[in-house]
Amino acid sequence: MGKSPFINIITSTILLALFAIVGTGLVAYTFENTEERIKLNEKNALLRSLHALIPPEKHDNDIFHDSLQVTMPAMLGTSDLVTVYRARKNGEPVAVALTAVAPNGYSGAIKLLIGILYDGTLAGVRIVTHHETPGLGDAIEETRSDWVLSFSGKSLENPNKAGWKVKKDGGVFDQFTGATITPRAVVKAVHKALLYYNQERDKLFSFRKEPKPKPTLEKSSET
Ligand SMILES: Cc1cc2nc3c(=O)[nH]c(=O)nc-3n(C[C@H](O)[C@H](O)[C@H](O)COP(=O)(O)O)c2cc1C
């Protein structure tokens with residue numbers, strides 16, 4: 001005698017439920033693992049860039065953790081929280097590195113990591129992400145050309161305000177052949193980040209890091 005239809009339905013339902021649970025579990029496990037790995041890769045890439053701008057021997061603190069988050073859309077190009085990494089030696093401020101955004105690249109936002117020495121001189125600039133055209137705007141990448149290295153040693157005084165433009169606009173920074181929009185956007189963003197640093201330097205270094213949550217220096221808290 002065969003199983004009753006009722007038993008068959010129950011068995012099928014249980015099997016389906018088991019497949020669904022195992023399937024969902026596997027997807028969740030893979031997602032979590034991949035997400036973790038992506039985060040770790042991003043952290044390592046950021047650490048490499050941070051160390052390229054602020055070499056480990058120049059500071060004795062953990063700059064990755066001695067950080068705070070700020071918002072200043074008008075100066076840093078994004079309404080997102082921006083992390084400011086602080087380098088210190090023997091407790092004395094050495095430099096900061098922050099991620100600003102050039103919102104008006106040829107193909108949208110260009111994310112930058114900007115290292116600024118305590119005295120306001122640029123330690124350097126690195127491109128974190130961009131969508132500029134290969135062979136044109138992508139010359140901002142360190143792997144494509146030396147252009148981005150030309151920021152090192154510059155400051156608000158060197159060059160002066162008029163110089164903080166591409167040569168085509170009367171400034172000191174090169175544009176690329178057939179591609180002015182991208183370098184123009186990056187130069188403007190770096191200049192604004194320097195102005196921001198100049199205005200906020202003392203607060204950025206004096207703001208003590210709380211264990212959790214990360215301290216937020218909102219625009220409203222500046223005054
Ligand atoms: C398909 C295509 C892609 C382009 N990509 C870029 C780019 O990534 N960056 C850039 O600055 N200009 C790019 N350009 C060129 C710009 O349109 C513009 O002509 C150039 O930046 C000069 O700008 P200017 O007239 O303000 O000096 C691209 C043009 C085309 C047709």
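Me: Which residues are around the ligand, and how many of them are charged by class?
Reply: Bear in mind that this is a predicted model. The residues around the ligand are Tyr106, Glu132, Thr133, Leu136, Gly137, Lys168, Gly178, Ala179, Thr180, Ile181 and Thr182. Sorted by class, this shell holds four nonpolar and five polar residues, and the charged ones number two.

Me: Is Met75 buried, partly exposed or exposed?
Reply: Met75 belongs to helix H2, which covers residues 73-76. A residue needs 20 or more other C-beta atoms within 10 Å to count as buried, and 12 or fewer to count as exposed. Because Met75 has 19 such atoms within 10 Å, its class is partly exposed.

Me: Which residues is Met75 in contact with, once its neighbours within four places in sequence are left aside, and how far is Met75 from Tyr197 in space, C-alpha to C-alpha?
Reply: With those sequence neighbours left aside, the contacts of Met75 are Lys192, Leu195 and Tyr196. Tyr197 is 122 residues away from Met75 in sequence, yet in space the separation of the two, C-alpha to C-alpha, is 9.5 Å.

Me: How is the chain divided into domains, and how many residues does each domain give to the contact?
Reply: The assignment gives domain 1 as residues 1-53 and domain 2 as residues 60-221, and their centres, taken over C-alpha atoms, are separated by 39 Å. On the side of domain 1 that touches domain 2, there are four nonpolar residues, one polar residue and no charged residues. The contact takes five residues from domain 1 and, from domain 2, nine residues.

Me: What pattern of helices and strands does the chain follow along the sequence?
Reply: The chain contains three helices and six strands. Read along the sequence, these elements follow the pattern α-β-α-β-β-β-β-α-β.

Me: Why is the chain described as more spread out than a compact globule?
Reply: For 223 residues the globule rule gives 17 Å, and the radius of gyration of the chain is well over that value, so the chain is more spread out than a compact globule. Along the principal axes, its C-alpha atoms fill a box of roughly 95 × 45 × 35 Å. The radius of gyration behind this description is 24 Å.

Me: What percentage of the contacts with a separation of 6 or more comes from residues 24 or more positions apart?
Reply: As background, buried residues make up 30% of the 223 residues in the chain. Among contacts with a separation of 6 or more, the share from residues 24 or more positions apart is 50%.

Note on methods. Residues are numbered from 1 along each chain as its sequence is written. This is a predicted model: local features need pLDDT of at least 70, side-chain atom pairs count only at pLDDT 80 or more; totals for chains, interfaces and linings use all residues. A residue is near a molecule or strand if its C-beta atom, placed from the backbone, lies within 6 Å of it. Ala, Val, Leu, Ile, Met, Phe, Trp, Tyr, Cys and Pro count as nonpolar, Asp, Glu, Lys and Arg as charged, and the others, Gly among them, as polar. Helices (H or I, at least four residues) and strands (E, at least two) are DSSP runs, numbered from the N terminus. Two residues are in contact if their C-beta atoms, placed from the backbone, lie within 7 Å. Domain bounds come from an automatic or database domain assignment. The radius of gyration is taken over C-alpha atoms; the globule rule is 2.2 Å times the number of residues to the power 0.38.
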